[in-house]
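Me: Could you take a close look at one strand here and at its surroundings? I would like one connected account, please.

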Amino acid sequence: MERKRSRSPRRLVPPVFSQLNLGLQLLFHNSKPVCVVLKKIKLSEIHTVHSEQNPPEVPKKYWVQRYSLFSKFDEGIQLDTESWYSVTQEEIAAKIAKTCEDADLVLDAFAGAGGNVIQFAKNSSVIAVDIDPYKLELLKNNSKVYQVEHKVQCLEGDFLEVGKTLESIDVVFMSPPWGGPEYCRAYSFDLKGITPSIYKVASVCSELTRNLIIYFPRNINPSQVFELLEELPNFERKVEFHAYYRGNKFYTVACFIGDLVHPDTMQLSKLLIESTQGKYQESGLMQALEIQTSLEQKGFNATCECYLK
């Protein structure tokens, strides 16, 4: 009797790739248009060191990757237990910071041990907010290791309260608590489970900036991100997802909302025209004013160039 071969379990496609296509697309959420861009960002090979025994309080899987968290780890970096699994890998933090390197002032709403703050501070002044005073002490130490401490202002407190005391910020970044390593067990990460409420946090951000970056786990649900736009009425309805890969392994997602997103206006105009179901004819010159007016009526505040066939 011939045995049936056991099949390996099918790997589920992450929500960001099951719901979105690579590149630019014009989607509609709650009957409102959203300009969406999805990019895959390649990371270099991870730096692992297996030769040294890990301290008993640090799981080995984190210890062997310590130089991927901080390349200057041996020069005095300090982390607590939570920071070992919550800090952003240095290469990812650097790529995120690169997208807003011209910003004069960046705010990190959940600064933690400073993985992102340090990279932002290489080009910008940074306000680092955290409710945990010990995390801020770690951040101060780690920023000194990278010699950027003079560009970082630390504020202790709940961002929902601290944010209301601040004025205009060029870019707000946040990596809200994901709930520990268990977040990856679910197919789709639920934004409603974040504490403090990410919807309330977004509402505070809408009074501070027109540029928001959120660092999410790889199982983020794009539909829930679009729901956040309802808390950002002053933002252009533009969202860009960066999916970070190392080899075939999918790590995390950074989500950019607002003016930081720069879609190709010609391509976006064409997508808008196609979505109007023949309101415009594809032949001839499409006047920029008509396209701009249509965009504004649909929720965009954008200036589009003329679209030529």
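Reply: Happy to! Buried means under 20% relative accessible area, exposed over 50%, and partly exposed in between, with a 1.4 Å probe and protein chains only. This is a predicted model, where local features need pLDDT of at least 70, side-chain atom pairs count only at pLDDT 80 or more, and totals for chains, interfaces and linings use all residues. Residues are numbered from 1 along each chain as its sequence is written, and side-chain values use heavy atoms, with hydrogens and water left out.

Let's go to strand 8, residues 238-246. Strands (E, at least two residues) and helices (H or I, at least four) are DSSP runs, numbered from the N terminus. Nine of the nine residues of strand 8 are buried, so the strand is largely enclosed by the rest of the structure. In a regular strand the side chains alternate between the two faces of the sheet. In strand 8 both faces are covered: V239, F241, A243 and Y245 are buried on one side, and K238, E240, H242, Y244 and R246 on the other.

Now for the neighbours; two strands pair if DSSP finds at least two bridges between them. Strand 2 (residues 32-42) runs parallel to strand 8, joined by eight bridges, and K42 has Y245 as its bridge partner. Strand 9 (residues 249-258) pairs with strand 8 in the antiparallel sense over seven bridges, with H242 partnered by A254. Two residues lie between strands 8 and 9 in their hairpin, where G247 takes a positive phi near 65°.

One last stop is C255, which counts as buried because its relative accessibility is 0%.
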